[in-house]
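Hello,

Here is the structure you will be working with. Please open it alongside this message. My notes follow below.

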Number of protein chains: 2
Amino acid sequence: MAHYTLEYLNDAGITTCRGFKANGIAAGLKKSGKLDLALVYSSAPCTSAAVFTRNAFKAAPVWYDMQVLSSGALVHGVAVNSGCANACTGDQGMIDAREMAQIAEQAMEATPGTFYVMSTGVIGQHMPMDTINKGIHQAATTLCGERAGGANAAKAIMTTDTHSKEVAVRVNTDEGSFTVAGMAKGSGMIHPNMATMLCIITTDAAIAAEQLQTMLNKVIDSSFNMITVDGDTSTNDTVLVLANGAADLSAIESEAHPLYPALLTALDEVVTHLAREIVRDGEGAEHLVEIVVEGAVTKEDARAVARSIANSSLVKTAIYGRDANWGRVICAVGYSGATIEPEKVSLKLGDMALFSKGTPIDFDEEHASQLLAQKEVRFAVDLGLGNQSATMWTCDLTHEYVNINANYRT
Amino acid sequence: MAHYTLEYLNDAGITTCRGFKANGIAAGLKKSGKLDLALVYSSAPCTSAAVFTRNAFKAAPVWYDMQVLSSGALVHGVAVNSGCANACTGDQGMIDAREMAQIAEQAMEATPGTFYVMSTGVIGQHMPMDTINKGIHQAATTLCGERAGGANAAKAIMTTDTHSKEVAVRVNTDEGSFTVAGMAKGSGMIHPNMATMLCIITTDAAIAAEQLQTMLNKVIDSSFNMITVDGDTSTNDTVLVLANGAADLSAIESEAHPLYPALLTALDEVVTHLAREIVRDGEGAEHLVEIVVEGAVTKEDARAVARSIANSSLVKTAIYGRDANWGRVICAVGYSGATIEPEKVSLKLGDMALFSKGTPIDFDEEHASQLLAQKEVRFAVDLGLGNQSATMWTCDLTHEYVNINANYRT
């Protein structure tokens, strides 16, 4: 295996990868006048890989992108809008999604079938195609390979996010360096398989589409599929990776290629970072909560316990209230459906034991409150049965979550 | 089949059934000084049936009651406390649960093994047995077969409930009349299989234990197993039925007995009524929400869709906000895991169509808001695929839910 090092880049995003341009503009889809349309483009053709929501009500752009992906075509980019999800919009929605891609292809003078599309926002409203058309052309004429292009694009895909989410990792190898970068948006309906979550990852590494898809499936399972804000799985979730090979390194055609582990590690870093950022910025969230489950008989059991805790409204409100109400955590372990032997279960908050082998432990409530006052809170459960583990990220359930979601459409 | 009529009784409860006495007193378990210990007693021995939480961390009283049930003994009653759940309390918890039953048996001069026990409240704290002991004796000396006895008992089992929940149904048959009555407490951790939910049902009908258990399992599936407040399944949930035969009718020994359908119907009425009351009084709830799913291929699919909607935080906050955000309902249908063909799915709010065969319908937003302003809100989903249906009850997710649960222990 080749030697490599990873370097997180400051103030960087999808355009940090060579050969990618992007921009985000205010097309007028959001009443607020904020940025709401993004275009990402590489003149060099890209291999691509993608993972989509498993919701039966997939939005039109998801269906469209599944066709693009399965065509196996090399692609040039993606057009994304916020403000309207183009979900539950019937046949017209499919026509609109296709037209949105065609507009982007025409604006960039690209071959038909070489653009993906993504939409996020309110469900059940038709796309204002005139606005989309003008917006894409405006974005196309202002595309930028510098920092501003990526930064604007990351802002344009936001809905209830309080800030944009970007990351870039440079990988230095014996053969030379390449970069993996990404942008994502949350921030409600975040749940395994997957979330009202859009994520676009760029890389200037060169990799065959099949290898890229295998790699993406692998890293998704321990990142985007292990986060939850409110347990809802949306109609539009998409993670897309575009690889344009502009770093001029040898192409990864198999797992045996010396750059394969380097790209896998970098991709994993990027998606895990963005997944955590989405939860940290979950609707109304005050805490990022990490749930670690160890000692499970099977990986599926470990994940079931982690999800059960992470989705418990009672656990999430207790954390909001800075209340070390460990009984709610143990209760969620108990109804997870996983194989449990109560007398073998232990629980820690941070490094402080709350519950050991089925029995409560006297603990310092004040220290517990201090741990719960941190921005990042960590619960670790040891089932004491096997050697399988899982980590999941969630956030607390707050008054602000209710504020945001009781009045989303108004 | 014998002819029978059902009659809901006003201002009635568990002591309305002949031969049952009860009381609720303030033993000092709740800091507030409110009623916190109940005793229910029948001098005539009772057959019994019970259903318990499926949480792996069953509380000590649940384990104890499972022993009493499996012993097949005729029983005389149940002692219940609020304020302390006796859950996650290890070996001491088991000793305390057994001792609590023994105290009740001694206080009532009953044979060992003839009392059930139930506890609800904070998890992980040991039972103050001196307080329990004094409390049970105080309740035993003040037992009352009149209205007040049942009413006080219903109050003493409350935790975050805002009011007590009681119901009584008289059944008039050719052979004579009998009564089925019940009391229950919620109001958080309410979820299928089951809830921080205690329910005690009395009847003066006579029925073999085996038939009573079959009957209870049947009615639970469409009542207590179809309600949710917050998706959490607690450690203590118990539904107990005591039948003392004091109505002096012939004993139901098989399904062929002429009184079997009458008792089944009455029991179903009682548990469904109490289940709905628990949701209506869910923590912070402003609306009782009924989710009806029709047209499913299988019963399990119908239930999966109903549960998916009923547990969606986004649906529940939208109802709180009186926002006809049907996209969230459809989204929850889509991730339910049930067999769905999106283009066949329809949705109504009350009698107003919002979505028909996969396509949004223009609807009167003002009328929708009026429907959502009602105390009872009803969503009906038709999957358009088969003839199986399910009904589930939930409540909205409110600021007050967060208030209550962020500060429960303090």
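In chain B, helix α5 meets helix α6: B:Q211, B:T214, B:M215, B:L216, B:K218 and B:V219 of α5(B) touch B:Y260, B:L263, B:L264, B:L267, B:D268 and B:V271 of α6(B). Contact means heavy atoms within 4.5 Å. By class, this contact of α5(B) with α6(B) has eight nonpolar, two polar and two charged residues. (Nonpolar covers Ala, Val, Leu, Ile, Met, Phe, Trp, Tyr, Cys and Pro; charged covers Asp, Glu, Lys and Arg; the others, Gly among them, are polar.)

This is a predicted model: local features need pLDDT of at least 70, side-chain atom pairs count only at pLDDT 80 or more, and totals for chains, interfaces and linings use all residues. Residues are numbered from 1 along each chain as its sequence is written, chains are lettered from A and ligands numbered from 1 in the order in which they are written, and side-chain values use heavy atoms, with hydrogens and water left out.

Back to the helix pair. α5 of chain B spans residues 209-221 and α6 of chain B spans residues 260-280. Their axes come within 10 Å and cross at roughly 45 degrees. That makes α5(B) oblique to α6(B). The crossing is right-handed. Some terms:
- Helices (H or I, at least four residues) and strands (E, at least two) are DSSP runs, numbered from the N terminus.
- Axes are lines fitted to C-alpha atoms, for helices over the stretch in contact, and angles run from 0 to 180 degrees between N-to-C directions.
- Angles under 35 degrees count as roughly parallel, over 145 as roughly antiparallel, 65 to 115 as roughly perpendicular and the rest as oblique.
- Right-handed means that the near helix is turned clockwise from the far one by less than a right angle, left-handed anticlockwise.

Now the two chains. Chain B can be laid on chain A with an RMSD of 0.0 Å, by a turn of 180 degrees and a shift of 0.0 Å along the axis. (The superposition is by least squares on the C-alpha atoms of residues with pLDDT of at least 70 in both copies.) The two copies are thus related as by a two-fold rotation axis. The same surface serves both: 100% of the contact residues of chain B recur in chain A. Of the residues of chain B, B:H399 comes closest to the axis, with its C-alpha at 2.8 Å.

One helix pair spans the chains. α11 of chain A (residues 399-406) packs on α8 of chain B (residues 313-320) at about 70 degrees, with the axes 8 Å apart. α11(A) and α8(B) are therefore roughly perpendicular. A:Y401, A:V402, A:N405 and A:A406 meet B:S313, B:L314, B:T317, B:A318 and B:Y320.

- B:N81 sits in strand β4 (residues 75-84) of chain B. At 0% relative accessibility, B:N81 is buried. (Buried is under 20% relative accessible area, exposed over 50%, partly exposed in between, with a 1.4 Å probe and protein chains only.) Beyond four places in sequence, B:N81 touches residues including B:D36, B:M100 and B:I132.
- A:C84 lies in strand β4 of chain A. A:C84 is buried too, at 4%. Its contacts beyond four places in sequence include A:S119, A:G121 and A:H126.
- A:N387 is in the loop between β14 and β15 of chain A. At 67% relative accessibility, A:N387 is exposed. Beyond four places in sequence, A:N387 contacts A:G295 and A:A296.

Best wishes
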